[in-house]
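This briefing gathers charge pairing, surface patches and backbone geometry for the model shown below. Please read it alongside the sequence and the coordinates.

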Amino acid sequence: MDIEMLHFRAGVTEAVRSFFRKKNYLEVDTPALSPVLIPEACLEVFETDYIRPSLKTEQDTVPLFLVPSPEIYIKQLVADHKTSMFQISKCYRNVESAGRIHSPEFTMLEYYTMDADYLDSIRITEDLISHILERVFSPDTVPGHLKPPYESLSVNEAFEKYAGFSLAECAEYPEDEAGRKLAAHAERLGCGDREKFAAYGVDDLYEVILVQTVEPGLSAGPPVFLTDYPVFVPCLAQERETAFSRTAPAEKKWRTKERWELYIRGVEIANCYSEERNEARIEAFFSEENREKLKTAKVPHPVPGNFGEICARMPPCSGVAAGLDRLIMVMAERSSIDSVLPFPLTGNL
């Protein structure tokens with residue numbers, strides 16, 4: 001990394017801090033090592049060992065895990081202190097390709113806003129990006145395509161626009177029939193032969209079409225908040241009834257999650273939830289997610305036993321997790337995060 005990029009990266013980081021401090025968010029610093037982690041079937045983690053100084057037996061060795069995000073600890077602080085807070089921290093994810101937009105070690109910005117939902121966090125995130133642009137660019141050099149406000153598009157609207165069909169209408173069918181319809185659409189879109197998808201679940205077929213058809217469509221347009229995800233995609237976000245689209249009849253609604261993801265140049269920069277606070281739903285999510293994870297996990301890990309109770313104590317709030325390296329990359333108009341990391345790991349892997 002050259003000295004100009006070091007200055008640019010430092011400027012973005014300082015702008016993030018100044019934005020949240022001005023808005024009275026509390027900056028926190030949570031552990032990078034944890035004896036338990038939130039179960040996420042789509043992620044693999046790093047494991048290490050704490051060896052007690054008085055090692056006599058194997059029982060004196062304690063397994064610890066590098067956190068893939070600070071969520072597990074920040075939510076405990078939110079539950080205890082009920083104040084808006086943010087953290088800039090290193091996070092770690094194993095068994096991921098190291099390349100254009102991935103690194104096993106990366107920097108995450110995570111922020112929680114009290115008495116806010118996912119739609120409030122769209123405004124906050126746009127204000128944050130505007131503040132960063134004002135701090136790191138002179139007025140006549142701000143890239144115009146990065147200036148908020150950004151477009152908002154529901155997942156169903158994105159599927160209609162880029163995949164040519166209504167995901168919401170498919171979701172009205174029983175699961176087996178919905179799966180057959182999605183498999184047919186995947187084949188039509190060139191994602192593969194429908195026989196290949198015979199064993200895929202609805203959520204897997206949705207993911208195939210999203211990644212191979214919808215996300216490439218998003219890359220050609222301006223920055224966009226992709227909102228209102230289908231309930232069959234598991235996550236710890238609250239549910240709601242959502243209209244099929246802005247042009248559909250008002251009575252046409254489907255169950256969605258209060259979630260968005262921000263895409264800039266087709267790169268996922270951030271995701272957000274209206275945080276789920278129902279203890280029973282959270283524990284059910286943990287149970288199912290952990291069951292799925294253990295089927296394929298290369299690095300299995302223990303899960304917290306009281307996370308549902310912790311989240312139930314949180315006030316209504318919205319949480320955002322943003323890949324800071326990716327945000328710096330798109331602001332600097334670079335094509336790879338390696339170019340904005342002081343010491344990229346890719347060349348050594």
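The side chains of Lys295 and Glu292 meet in a salt bridge, at 2.9 Å from N to O, where a salt bridge is defined as a side-chain nitrogen of Lys or Arg within 4 Å of a carboxyl oxygen of Asp or Glu. The model is a predicted one, in which local features need pLDDT of at least 70 and side-chain atom pairs count only at pLDDT 80 or more, whereas totals for chains, interfaces and linings use all residues. Residues are numbered from 1 along each chain as its sequence is written, and side-chain values use heavy atoms, with hydrogens and water left out.

- Lys295 and Glu292 both belong to helix 8, 3 residues apart, which is about one turn of the helix; helices (H or I, at least four residues) and strands (E, at least two) are DSSP runs numbered from the N terminus.
- Lys295 is exposed at a relative accessible area of 59%, while Glu292 is partly exposed at 30%; here buried means under 20% relative accessible area, exposed means over 50%, and partly exposed lies in between, with a 1.4 Å probe and protein chains only.
- Glu288 forms a salt bridge with Arg291, their closest N and O atoms being 2.5 Å apart, and these two residues also both lie in helix 8, 3 residues apart, or about one turn of the helix.
- Both partners of that pair are partly exposed, Glu288 with a relative accessible area of 36% and Arg291 with 44%.
- Thr296 also lies in helix 8, which covers residues 279-296, and Thr296 is exposed with a relative accessible area of 56%.
- Thr296 and Glu44 are 252 residues apart in sequence, yet their C-alpha atoms are 9.7 Å apart in space.

- The structure holds 20 salt bridges, and one of them joins Glu239 to Arg255, with 3.1 Å between the closest N and O atoms.
- Glu239 lies in strand 9 (residues 239-243) and Arg255 in strand 10, so this pair ties together parts that are 16 residues apart in sequence.
- Glu239 is partly exposed at a relative accessible area of 35%, and Arg255 is likewise partly exposed at 35%.
- A network of salt bridges links Glu239, Glu241, Arg255 and Lys257.
- As a general point, side chains of opposite charge can pair when their charged atoms come close.

**Surface patches**

- Glu175, Asp176, Asp203, Asp204 and Glu207 form a negative surface patch, and the elements that give two or more residues to this patch are helix 6 (175-188) and helix 7 (202-219).
- Helix 7 supplies the largest share of the negative patch, 3 residues; Glu207 lies in helix 7 and is partly exposed, with a relative accessible area of 38%.
- A nonpolar surface patch is formed by Met1, Ile3 and Leu6, which together have about 250 Å² of accessible area, and Ile3 is found in helix 1 (residues 3-22).
- Patches are made of residues with over 30% relative accessible area and no salt bridge, like charges being joined within 9 Å and nonpolar side chains (Val, Leu, Ile, Met, Phe, Trp, Tyr) within 5 Å.
- Accessible areas come from the Shrake-Rupley method with a 1.4 Å probe, and for residues only the protein chains shown count as cover.
- Lys and Arg count as positive and Asp and Glu as negative, while His and the chain ends are not counted; the place of a charge is taken as NZ of Lys, CZ of Arg, CG of Asp or CD of Glu.

**Backbone geometry and a buried serine**

- Most residues other than glycine have a negative phi, and most peptide bonds are trans.
- The peptide bond from Pro148 to Pro149 is cis, with omega near 10 degrees, and Pro149 lies in the loop between helix 3 (118-136) and strand 7 (151-154).
- Arg265, although not a glycine, has a positive phi of about 55 degrees; Arg265 is found in the loop between strand 10 (253-264) and strand 11 (267-274) and is partly exposed at 31% relative accessibility.
- Glu333 has a positive phi of about 55 degrees although it is not a glycine, and Glu333 lies in the segment after helix 10 (324-331).
- Ser84, in the loop between helix 2 (71-81) and strand 5 (85-92), counts as buried at 13% relative accessibility.
- A polar atom of the Ser84 side chain lies 3.1 Å from the backbone nitrogen of Met114.

How values were computed
Polar contact = N/O pair within 3.5 Å; in protein donor to acceptor, adjacent residues only side chain to side chain.
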